Amino acid sequence: MSALLSGSPLVGRVAVVSGASSGMGAATAERLAELGATVVVLARRKDKLEDVVKNIEAAGGTALALSVDVTDRAAIQTAAHQVADRFGKADLVFNNAGVQLISGIEELKVDDWQRQIDLNITGLMNVIAAFLPHLTESAAQGKPTDLINTSSIAATRILEKFSIYSGTKAYISHLTRLLRVELGPKMVRVATIEPGMVDTELPDHVTDPDASKLMADLIHDIDCLQSADIAETVAFMAAVPRHVNLTEITIMPTAQAI
């Protein structure tokens, strides 16, 4: 995707990006910074986070890396305090950490089930719990304020062997709709993005041969989404006027049929 935005529409914003060590998270953090936001990147892989910060700083932006596991509630709460102490309250949270582990239900890969629930659901909720006070306070001060959660087209598509992953993403999509009921009247914009096939490292987590073939074939056969496409979409969602909430964005490669 060519850059749609120009200038510094996000100047003065304090953005937090989870799952920011690679792929969509890293690309989005760098794009938000390029458009003027101060960015805090969260993930477990400290070395990868530091690379993202170096890229942002080399382009003239401001960023901070906090190595943290989003499944650790206390650690995320500490990170939220560090953000407030350093930059003030966050007013843009891209809640993006996740994992995709595909298997047939009868294989009973219960450890994989739990890992997806822990990261995709509990981790997402920990980030919300830690940064929601930031968002509501920022909104009360009249600032544009965004909570953007990463879901997937798997939230609505019926795909064999995707049951646990799809279930976690369906939770995220519906949770986001429900949060808008409470937070929209407080001028906190709540949204979800539901990407189709993105050429990132996420498919590398998949060990099931059928699912691996499905994804490999898509990457080979069609012009898949790139992380930059997601980054530009998130940036646009945050850059629209404060009274506009783009609530659910499904982003598909044009040629992807499933």
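Reader: Start with β2. Which residues of β2 are on one side and which on the other, and are they buried or exposed?
Author: T38, V40 and L42 lie on one side and V39, V41 and A43 on the other, and all are buried. Buried means under 20% relative accessible area, exposed means over 50%, and partly exposed is in between, with a 1.4 Å probe and protein chains only. In a regular strand the side chains alternate between the two faces of the sheet.

Reader: Before I go on, what sort of model is this, and how are residues numbered?
Author: This is a predicted model, with residues numbered from 1 along each chain as its sequence is written; local features need pLDDT of at least 70, and side-chain atom pairs count only at pLDDT 80 or more. Totals for chains, interfaces and linings use all residues, while side-chain values use heavy atoms, with hydrogens and water left out.

Reader: Fine. How many residues of β2 are buried?
Author: 6 of its 6, over residues 38–43. Strands here are DSSP runs of E with at least two residues, helices are runs of H or I with at least four residues, and both are numbered from the N terminus.

Reader: Which way does β1 pair with β2, and over how many bridges?
Author: β1 (residues 14–18) and β2 pair in the parallel sense, over 5 bridges. Two strands count as paired if DSSP finds at least two bridges between them. V14 has T38 in β2 as its bridge partner.

Reader: What does the chain pass through from β1 to β2?
Author: Helix α1 (residues 23–34), in a β-α-β crossover that is right-handed. Right-handed means that, with the strands pointing away from the viewer, the path from the first strand over the helix to the second runs clockwise.

Reader: And how many bridges join β2 to β3?
Author: 5 bridges, and β2 and β3 (residues 63–67) run parallel. V41 has A65 as its bridge partner in β3, and L42 stands opposite L66.

Reader: How many bridges between β6 and β7?
Author: 4, in the parallel sense. P195 has I251 in β7 as its bridge partner.

Reader: Switching to cavities. How many of 30 Å³ or more?
Author: The structure holds 1, and the largest cavity has a volume of about 40 Å³. A cavity is a set of points, on a 1 Å grid over the protein atoms alone, where a 1.4 Å probe fits but cannot get out; lining residues have an atom within 4 Å of a point. Grid points are joined across faces, edges and corners, and the volume is the space filled by probe spheres set on the points.

Reader: What lines the largest cavity?
Author: D146, L147, I148, R189, A191, M237, N245 and L246. β5 (146–150) and β6 (189–195) each supply at least two of the lining residues, and β5 gives the largest share, 3 residues.

Reader: How does that lining divide by residue type?
Author: Into 5 nonpolar, 1 polar and 2 charged. Ala, Val, Leu, Ile, Met, Phe, Trp, Tyr, Cys and Pro count as nonpolar, Asp, Glu, Lys and Arg as charged, and the others, Gly among them, as polar.

Reader: On to backbone angles. What is the phi of L108?
Author: About 55 degrees, which is positive although L108 is not a glycine. L108 lies in the loop between β4 (92–95) and α4 (110–140). At 56% relative accessibility, L108 counts as exposed.

Reader: And what about phi of M187?
Author: Near 70 degrees, a positive value in a residue other than glycine. M187 sits in the loop between α5 (163–183) and β6, and is partly exposed at a relative accessible area of 30%.

Definitions and conventions
On a 1 Å grid over the protein atoms alone, a cavity is a set of points where a 1.4 Å probe fits but cannot get out, and a pocket is an open set with protein on both sides within 12 Å along at least five of seven lines; lining residues have an atom within 4 Å of a point.
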